[in-house]
Amino acid sequence: MSVVYRFELDEDGKSAASALITNGMLNEFGVTPERLHEDAAASQESIRPPTLRNLSEVMRDISGGAVDIPESALWVASVEGGRFGAACVQFPEFLDKAVEVMGGDFYVLPSSVHEMIFVQDDGSFTRSELERIVRNVNENEVAPSDFLSNTVYHYDSIDRVFEKAETFEQRIEEEMKMFDPEPERETMTVLLVEPEKYPRKVEIGTELHDLQEAVGGYIEAVYPFEDQVCLIVNEEGKLDNLPLNRALRDEEGQIYDIVAGSFLVAGLTEDSFGSLTPEQLDKYEQHFHDPEVFVRMGRGIMALPIPDGVIAARETGRPVEMGDKPHGKDRGESL
């Protein structure tokens with residue numbers, strides 16, 4: 001909001017003349033902007049003090065008593081005489097008096113250069129609803145010469161701040177974040193199984209984006225075991241040509257599928273995924289302990305466990321030694 005100042009030149013009860021005060025006038029008269037504001041505020045209080053009337057009272061006056069409506073949540077703020085009454089919001093004392101009348105914070109709707117509409121901030125209206133009202137009135141009811149703004153403002157009765165309503169909402173949201181920290185993130189204990197690596201126990205968030213990040217894409221739950229556990233895998237792992245990771249075997253030890261990309265071994269609750277028990281962690285760490293490589297043999301695929309020495313060499317950077325052998329298997333299995 002900008003405040004401008006005018007000279008009152010004449011008034012005969014029916015019409016008034018005024019002249020806008022410019023920066024050039026201030027320079028010519030040797031008056032500072034601060035002094036101009038002080039003098040104008042004092043003059044305004046004496047000749048055209050601010051007024052605040054309920055919309056019901058205004059409607060009765062306009063209609064000569066023909067319209068009598070109950071007290072409204074809307075209040076008309078202006079100055080005596082109504083001319084350039086929007087200037088009333090420049091007086092902090094007037095806004096504080098409005099707080100007493102209205103019982104707390106209020107929105108300020110720029111009706112025109114001649115008046116403002118104060119609306120109680122009691123939850124009856126949202127900022128977006130009030131903005132639509134202001135735009136509609138300005139487009140259909142207000143003359144271009146009287147147009148003031150399409151923006152809705154707000155007065156904070158506690159901090160005594162007059163500001164854009166949008167700015168007020170952002171400020172309150174930031175303050176709430178300071179005193180109401182985000183709740184602790186829920187996590188679960190699972191096994192992370194990555195290609196060519198040993199399984200790792202990890203704490204991971206239970207939200208969908210946490211699981212997607214762990215497997216690198218959309219998730220799919222697979223249930224290859226009778227225990228209350230599942231594999232959370234990348235749904236498009238094979239389509240995306242992710243590295244083949246571990247083989248899945250039937251009761252007879254025959255390979256029936258291969259998981260592509262990293263996957264999680266998680267427990268199951270009544271309605272979602274959950275932590276593995278210590279026993280389940282040990283069992284499935286052993287089950288998926290040996291990283292595997294896969295070699296195509298004719299029309300099939302051979303699963304070969306990677307020797308411990310090769311894994312250790314990759315993790316430590318030491319050369320692979322002759323004699324390094326697989327940890328748990330001495331032969332490959334085919335699919």
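In which strand is serine 78 found? Serine 78 belongs to strand β4, where strands (E, at least two residues) and helices (H or I, at least four) are DSSP runs numbered from the N terminus. The structure is a predicted model, in which local features need pLDDT of at least 70 and side-chain atom pairs count only at pLDDT 80 or more, while totals for chains, interfaces and linings use all residues. Residues are numbered from 1 along each chain as its sequence is written, and side-chain values use heavy atoms, with hydrogens and water left out.

With a relative accessible area of 8%, serine 78 is buried; buried means under 20% relative accessible area, exposed over 50%, and partly exposed in between (1.4 Å probe, protein chains only). Its contacts (heavy atoms within 4.5 Å), not counting residues up to four places away in sequence, include Pro49, Pro50, Gly85 and Cys88. The side chain of serine 78 also reaches the backbone oxygen of histidine 114 at 2.8 Å. Cysteine 88 is itself buried, at 0% relative accessibility, and cysteine 230 is likewise buried, at 0%. The count of disulfides comes to zero, a disulfide being a pair of cysteine sulfur atoms within 2.5 Å.

In soluble globular proteins, nonpolar side chains tend to be buried together. A nonpolar core is taken here as a set of buried Ala, Val, Leu, Ile, Met, Phe, Trp, Tyr and Cys residues joined through side-chain atoms within 4.5 Å. The largest such core has 19 residues, and those with the most contacts inside it are Val89, Phe106, Val108, Met116 and Phe118. Two or more residues are given to this core by each of β4 (74-79), α4 (92-102), β5 (106-112), β6 (115-120) and β7 (153-156), and the largest share, five residues, comes from α4. Valine 89 touches Leu95, Val108, Met116, Phe118 and Phe162, when residues up to four places away in sequence are not counted. Apart from this core lies another, of 13 residues, among them Leu191, Val233, Phe263 and Phe288.

Strands β13 (residues 244-249) and β14 (residues 255-260) pair in the antiparallel sense over five bridges, where pairing requires that DSSP finds at least two bridges between two strands. Within this pair, leucine 248 has aspartate 257 of β14 as its bridge partner. The hairpin has five residues between the strands, and glycine 253 takes a positive phi near 85° there. Asparagine 241, in the loop between β12 (229-234) and β13, has a positive phi near 60° although it is a residue other than glycine, and it is exposed, with a relative accessible area of 68%. Phenylalanine 84, which is not a glycine either, has a positive phi of about 55°; this residue lies in the loop between β4 and α4 and is partly exposed, at 28%.

The count of salt bridges comes to 16, each being a side-chain nitrogen of Lys or Arg within 4 Å of a carboxyl oxygen of Asp or Glu. In one of them, glutamate 131 meets arginine 127 at 3.1 Å, N to O; both residues lie in helix α5 (residues 127-140), four residues apart, about one turn of the helix. Arginine 171 forms another with aspartate 159, the closest N and O atoms being 2.9 Å apart. This pair links distant parts of the chain, with arginine 171 in helix α6 (residues 165-179) and aspartate 159 in the loop between β7 and β8 (161-164), 12 residues apart.

Terms used:
A polar contact is a pair of N or O atoms within 3.5 Å; within protein, one must be able to donate a hydrogen and the other to accept it, and residues adjacent in sequence count only if both atoms are side-chain atoms.
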